Amino acid sequence: MHCPFCRHADSRVVDSRTADDGSSIRRRRQCPNCQRRFTTIETASLSVVKRSGATEPFSRDKVVSGVRKACQGRPVSADDLALLAQRVEETLRGSGSAEIDAYEIGLAILGPLRELDEVAYLRFASVYQSFDSLDDFDAAITSLRAERAEREAGSGATPGESSESTSPGPT
Ligand SMILES: [Zn+2]
């Protein structure tokens, strides 16, 4: 491993420890030439199996470009997209497999995108899940509304109140 400071061709490992629940190893290295220290992170490579059967390395950039179109005109920044791609990668790595289907990437995008922007989520989901009728949109929107109501109830003044307590009439 080259020293990133002086480009010396060699470095010495002074410490190594696992990180991220064992999915990566951080190594502290020292350059024998300039004596400066730096850290490297080693992770297993993550391959994406495409529909054609070909594999390619997972790329956060591809996640970003795949989502960017759905975010057009929405208040979503480049930082938001970078963070989303990072979360997608963490989710996929968390699954513990070294090879993933391209389809699973789309699936891993849906959750964080829904939190980021509901309109962008609907656009992305409509393409990815091949919505072909208004009913599909309706179902997705209903589920978004239900989740939002749940969030608001959770942070509201009367948490845990169910509909039973609001209908006192005898049944
Ligand atoms: Zn050096």
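1. A residue is called buried here under 20% relative accessible area, exposed over 50%, and partly exposed in between. R87, at 35% relative accessibility, therefore counts as partly exposed. The model is a predicted one, and the values below should be read with that in mind.

2. The UniProt record, an unreviewed entry, places the feature "domain: ATP-cone" at residues 46–136. Over residues 46–136 the chain is 60% helix and 10% strand.

3. How many salt bridges does the structure hold? The count is 11. Side chains of opposite charge can pair when their charged atoms come close.

4. R87 and E115 form a salt bridge through their side chains, at 3.2 Å from N to O. R87 sits in helix α2 (residues 78–94) and E115 in helix α3 (residues 102–116), so this pair links distant parts of the chain, 28 residues apart. The two partners fall into separate accessibility classes: R87 is partly exposed at 35%, whereas E115 is exposed because its relative accessible area of 59% is over the 50% cut-off.

5. A salt bridge also joins the side chains of R114 and E147, with an N to O distance of 3.4 Å. R114 lies in helix α3 and E147 in helix α5 (residues 134–155), so the contact ties together parts that are 33 residues apart in sequence. Both R114, at 25% relative accessibility, and E147, with a relative accessible area of 30%, are partly exposed.

6. Helix α5 also contributes R148, whose side chain meets that of E118 in a salt bridge of 2.5 Å, N to O. E118 belongs to helix α4 (residues 118–128), so the pair ties together parts that are 30 residues apart in sequence. E118 is partly exposed, with a relative accessible area of 23%. R148 counts as partly exposed too, at 37% relative accessibility.

7. Where does positive charge gather on the surface? R12, R26, R28 and R37 form such a patch. Of these, R28 is found in strand β2 (residues 24–30). R28 has a relative accessible area of 33%, so this residue is partly exposed.

8. Two residues have backbone angles that deserve a look. Most residues other than glycine have a negative phi. Q35 is not a glycine, yet its phi is positive, at about 70°. Q35 is placed in the loop between β2 and β3 (37–43), and a relative accessible area of 46% makes Q35 partly exposed. S130, likewise not a glycine, has a positive phi of about 50°. S130 lies in the loop between α4 and α5.

9. Two pairs of residues illustrate how the chain folds back in space. S23 is found in the loop between β1 (12–19) and β2 and counts as partly exposed at 35% relative accessibility. S23 and E90 are 67 residues apart in sequence, while their C-alpha atoms are 9.9 Å apart in space.

10. Is F124 buried or exposed? F124 is buried, because its relative accessible area of 11% is under the 20% cut-off. F124 has its place in helix α4. The C-alpha atoms of F124 and K69 are separated by 8.4 Å, although these residues are 55 residues apart along the chain.

Definitions and conventions
Residues are numbered from 1 along each chain as its sequence is written. This is a predicted model: local features need pLDDT of at least 70, side-chain atom pairs count only at pLDDT 80 or more; totals for chains, interfaces and linings use all residues. Side-chain values use heavy atoms; hydrogens and water are left out. Patches are made of residues with over 30% relative accessible area and no salt bridge: like charges are joined within 9 Å, nonpolar side chains (Val, Leu, Ile, Met, Phe, Trp, Tyr) within 5 Å. Accessible areas come from the Shrake-Rupley method with a 1.4 Å probe; for residues, only the protein chains shown count as cover. A salt bridge is a side-chain nitrogen of Lys or Arg within 4 Å of a carboxyl oxygen of Asp or Glu. Lys and Arg count as positive and Asp and Glu as negative; His and the chain ends are not counted. The place of a charge is taken as NZ of Lys, CZ of Arg, CG of Asp or CD of Glu. Helices (H or I, at least four residues) and strands (E, at least two) are DSSP runs, numbered from the N terminus. Buried means under 20% relative accessible area, exposed over 50%, partly exposed in between (1.4 Å probe, protein chains only). UniProt positions are given in the numbering used here, feature names are shortened, and annotations may be inferred rather than shown by experiment.
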